[in-house]
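Biologist: I would like a close look at a single part of this model and at the elements around it. Please treat it in one connected account.

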Amino acid sequence: MKLDKEKLLKNDTVALKELERVCRECARIGASSVGALDFVDDIVQEVMIKLLTEWIRDYNPEREVEPTLISAAKFV
């Protein structure tokens with residue numbers, strides 16, 4: 001999925017809800033690979049905070065975001 005960077009920077013409710021959905025999917029994948037499924041909610045929260053406060057400015061809207069989110073979820 002490609003994120004709508006401009007809408008996310010403006011805190012658009014629909015864009016944030018879609019981001020939460022994709023973060024949850026990626027967090028489940030990342031958490032399951034490291035045996036941390038009990039922490040999916042915490043992982044979603046941490047990844048979303050990191051993305052919205054740090055990564056979003058450098059995010060290229062032409063790239064798919066899932067690989068980055070899955071990788072981040074493994075480390076959170």
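Which residues line the largest pocket?

Modeller: The model is predicted, so local features need pLDDT of at least 70 and side-chain atom pairs count only at pLDDT 80 or more, whereas totals for chains, interfaces and linings use all residues. Residues are numbered from 1 along each chain as its sequence is written, and side-chain values use heavy atoms, with hydrogens and water left out.

The lining of the largest pocket consists of Leu3, Leu51, Trp55, Ile56, Asp58, Tyr59, Asn60, Arg63, Glu64, Val65, Thr68 and Leu69. (A pocket is an open set of points on a 1 Å grid over the protein atoms alone, where a 1.4 Å probe fits, with protein on both sides within 12 Å along at least five of seven lines; lining residues have an atom within 4 Å of a point.) Its space is about 200 Å³, taken as that filled by probe spheres set on the points. Seven of the lining residues are nonpolar, two polar and three charged; Ala, Val, Leu, Ile, Met, Phe, Trp, Tyr, Cys and Pro count as nonpolar, Asp, Glu, Lys and Arg as charged, the others as polar.

Leu51 and Leu69, both in this lining, also take part in the packing of helices (DSSP runs of H or I, at least four residues). Ile43, Val47 and Leu51 of helix 3 meet Leu69, Ala72 and Ala73 of helix 4, where contact means heavy atoms within 4.5 Å. This contact has six nonpolar residues and no polar or charged ones. The axes of helix 3 and helix 4, 10 Å apart, form an angle of about 125°, with axes fitted to C-alpha atoms over the stretch in contact and angles running from 0 to 180 degrees between N-to-C directions.

Helix 2 (residues 13–33) packs on helix 4 (residues 66–75) at about 50°, with axes 7 Å apart, which makes helix 2 oblique to helix 4. Leu69 is among the residues of helix 4 in this contact, and Cys23 and Ala27 are among those of helix 2. The contact comprises eight nonpolar, two polar and two charged residues.

Helix 2 and helix 3 (residues 40–53) cross at roughly 125°, their axes coming within 9 Å. Here Cys23 and Ala27 of helix 2 again take part, and Leu51 is one of the residues of helix 3. This contact holds 12 nonpolar, no polar and four charged residues.

Definitions and conventions
Helices (H or I, at least four residues) and strands (E, at least two) are DSSP runs, numbered from the N terminus. Angles under 35 degrees count as roughly parallel, over 145 as roughly antiparallel, 65 to 115 as roughly perpendicular and the rest as oblique.
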